[in-house]
Amino acid sequence: MSTLDQELALFRQRRFLAMPLAGTLAWSAVAAAGMLLPLQAACIALFICTGCIVYLGMALSRLTGENFMDKSRPKNRFDGLFMAGVAQALLVYAIALPFYGLDRSSLPLTVGILTGLMWLPFGWIIGSWVPAAHTVVRTVAILAVWVAFPAQRMVLVPLVIVAAYLPTIWWLERRWRGLSGLPRGLAAA
């Protein structure tokens, strides 16, 4: 049996790229739906796209070398802690759904902020402030755009989320390459 310190060290060596890539693709699709569809249809697209992030992340994990479905990878208690953060983000739909019933345009605000909260425990686990900064910047920017541009909420809020993902993805990849000793300009094998 490994110690918590050993499991934490192993957890921190991972790439962590598949899920943010999936989130970026999903929220980009939500922004496109917001541009092209009426509000009700765009809301349905938001539910579908954000619901698919986990599955898209599992598919992308094969391309990024993370392979979430690899049964031979040893169990790690920090996977469980991370998944508790994911479950927390999913459970907060209990806040988003009633507000959605009152005001359809609240959906990108509530889902965008609440699902972004999982970055806080993730940052603590990997020992970095960058994921927490992602959450704070994302939350403040979502709220600002939601208040300032009510007619464009279904487009601008998803674009804010995509904009928050991009530097985070860059940082995650740079971090992983530094850990693995890969030159930063080369594609991962």
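What follows is a set of questions and answers on pockets, a helix pair and a few loop residues.

Modeller: This is a predicted model, in which local features need pLDDT of at least 70, side-chain atom pairs count only at pLDDT 80 or more, and totals for chains, interfaces and linings use all residues. Residues are numbered from 1 along each chain as its sequence is written, and side-chain values use heavy atoms, with hydrogens and water left out.

Colleague: Which helix supplies the largest share of the lining of the largest pocket?

Modeller: A pocket here is an open set of points on a 1 Å grid over the protein atoms alone, where a 1.4 Å probe fits, with protein on both sides within 12 Å along at least five of seven lines; lining residues have an atom within 4 Å of a point. The largest pocket has a volume of about 1,000 Å³, the volume being the space filled by probe spheres set on the points, which are joined across faces, edges and corners. Of its 37 lining residues, those closest to the centre are Met 19, Phe 68, Phe 82, Met 83 and Val 86. The largest share, 6 residues, comes from helix 5.

Colleague: How many residues of that lining are nonpolar, polar and charged?

Modeller: Ala, Val, Leu, Ile, Met, Phe, Trp, Tyr, Cys and Pro count as nonpolar, Asp, Glu, Lys and Arg as charged, and the others, Gly among them, as polar. For the lining of the largest pocket the classes come to 25 nonpolar, 4 polar and 8 charged residues.

Colleague: Which residues line the second largest pocket?

Modeller: The volume of this second largest pocket is about 170 Å³. By class, its lining has 2 nonpolar, 3 polar and 4 charged residues. The residues are Ser 2, Glu 7, Leu 10, Gln 13, Arg 14, Arg 73, Pro 74, Lys 75 and Asn 76.

Colleague: Is Arg 14 buried or exposed?

Modeller: Arg 14 lies in the loop between helix 1 and helix 2, helices being DSSP runs (H or I, at least four residues) numbered from the N terminus. Not counting residues up to four places away in sequence, Arg 14 touches Arg 73, Asn 76, Asp 79, Arg 175 and Trp 176, contact meaning heavy atoms within 4.5 Å. Buried means under 20% relative accessible area, exposed over 50%, and partly exposed in between (1.4 Å probe, protein chains only). At a relative accessible area of 17%, Arg 14 is therefore buried.

Colleague: How do the directions of helix 2 and helix 3 relate, roughly parallel or roughly antiparallel?

Modeller: Their axes come within 9 Å and cross at roughly 170 degrees; axes are lines fitted to C-alpha atoms, for helices over the stretch in contact, and angles run from 0 to 180 degrees between N-to-C directions. Angles under 35 degrees count as roughly parallel, over 145 as roughly antiparallel, 65 to 115 as roughly perpendicular and the rest as oblique. Helix 2 is therefore, relative to helix 3, roughly antiparallel.

Colleague: What is the phi of Phe 16?

Modeller: Phe 16 is in the loop between helix 1 (4-12) and helix 2. With a relative accessible area of 12%, Phe 16 is buried. Although Phe 16 is not a glycine, its phi is positive, at about 60 degrees.

Colleague: Which residues does Glu 173 touch?

Modeller: Glu 173 sits in helix 10 (residues 153-180) and, at 13% relative accessibility, counts as buried. Leaving aside residues up to four places away in sequence, Glu 173 touches Arg 15 and Leu 17.

Conventions. Helices (H or I, at least four residues) and strands (E, at least two) are DSSP runs, numbered from the N terminus.
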